[in-house]
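Welcome! Here are a few exercises to work through with the structure open beside you. Try each task before you read its solution.

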Amino acid sequence: MNLQQLYYFQAIYQWKNYTKASEQLNITQSSLSHSISDLEKELEVPLFYKQGRNIVPSEYADRFYLHVNRITEELAEARQEIRDQLDPQTGTVRIGMSHTLSNDFMPGMIRCFCSQPGCENVRFEWSEMVAAEVNQALCERKIDLGFGARIEDSALVFSFISADKMILIVPRDHPLSGRETAALQEIDGEPLITFTRVCGTRYDIDRLLRDNGVHPSSIQEAATEKLIAGLVAAGRGVAIVPVVPDLSMYDVIQIRLEGEAVERPMYMEWLRDDFMRPVVRSFRDFVVRKVSKA
């Protein structure tokens with residue numbers, strides 16, 4: 001049984017006449033008759049009976065027609081859905097991103113993109129994820145684009161979008177608490193509170209410490225800036241974190257770090273050598289253009 005036979009059967013059932021059905025299908029009547037005969041042999045039941053110049057569907061045909069209709073309707077919906085997905089001005093863009101980008105960067109990008117003529121109906125779905133989760137979701141094709149700090153993966157392409165300044169936070173009774181600025185080397189030998197290795201920012205902090213010859217006396221890991229700030233406020237160590245609004249909620253002192261390289265680069269990423277739906281490509285290219293003009 002093949003799809004062509006189902007369309008032939010559907011046409012005959014609707015017209016109740018081989019001649020009219022063959023004209024509609026633009027095939028010979030003999031080809032149509034032969035195809036239906038093969039279908040009847042496979043199903044092992046008669047589908048139509050002759051009645052003068054017309055034909056009458058059997059009870060088996062009545063039941064079969066209900067299923068064939070559902071099949072062809074599903075196929076039509078599937079074709080339309082795929083056509084919609086291939087339209088650069090419709091469809092859904094699935095995004096996984098760092099929570100720090102959900103406050104301003106991503107809403108601003110989406111607002112600007114959707115303000116373009118023809119892009120008003122593009123839909124966006126986003127989830128807050130740490131870098132390791134973004135990489136995994138991209139490789140499993142659960143999202144289309146990722147945004148955040150970088151964890152190297154040869155299966156992915158990374159495109160720089162911005163750089164966040166990093167600051168030092170210390171407890172109120174810390175010797176550096178009265179300072180506005182400090183050098184990284186001044187926390188050499190201190191206990192450090194930092195991100196887990198599922199966060200891309202951890203790798204940037206490790207690089208900063210390595211490049212500046214800083215060796216913490218101990219390292220305690222936490223998953224988010226909030227948890228890190230809470231541990232610092234509790235006097236468990238110092239931390240290097242990006243500037244985020246939530247820090248003002250905690251009893252910590254924020255100190256600017258000296259040096260232009262004390263920042264966290266952020267990236268947009270996608271799966272290398274994989275088909276990218278036009279609507280996703282359109283948004284990706286829009287972000288690249290906006291970032292290049294910033």
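**Exercise 1.** Leaving aside its neighbours within four places in sequence, which residues is Ser58 in contact with?

*Solution.* Before we start, note that this is a predicted model, where local features need pLDDT of at least 70 and side-chain atom pairs count only at pLDDT 80 or more, while totals for chains, interfaces and linings use all residues. Residues are numbered from 1 along each chain as its sequence is written, and side-chain values use heavy atoms, with hydrogens and water left out.

Step 1: look for contacts, meaning heavy atoms within 4.5 Å. With those sequence neighbours set aside, Ser58 touches Pro46, Leu47, Phe48 and Tyr49.

Step 2: check the accessibility. Ser58 counts as buried because its relative accessibility is 2%; buried means under 20% relative accessible area, exposed over 50%, and partly exposed in between (1.4 Å probe, protein chains only).

**Exercise 2.** Find the residue that forms a salt bridge with Asp144, and say where the two partners sit.

*Solution.* Step 1: recall the rule, a side-chain nitrogen of Lys or Arg within 4 Å of a carboxyl oxygen of Asp or Glu.

Step 1: the partner of Asp144 is Arg277, with 2.8 Å between the closest N and O atoms. This pair links distant parts of the chain, 133 residues apart: Asp144 is in the loop between α6 (131-139) and β5 (145-148), and Arg277 is in the loop between β12 (263-271) and α9 (278-293).

Step 2: Asp144 has 13% relative accessibility, so Asp144 is buried. Arg277 has 16%, so Arg277 is buried too.

**Exercise 3.** How many helices and strands does the chain have, and what share of its residues is buried?

*Solution.* Step 1: count nine helices and twelve strands.

Step 1: of the 294 residues in the chain, 44% are buried.

Terms used. Helices (H or I, at least four residues) and strands (E, at least two) are DSSP runs, numbered from the N terminus.
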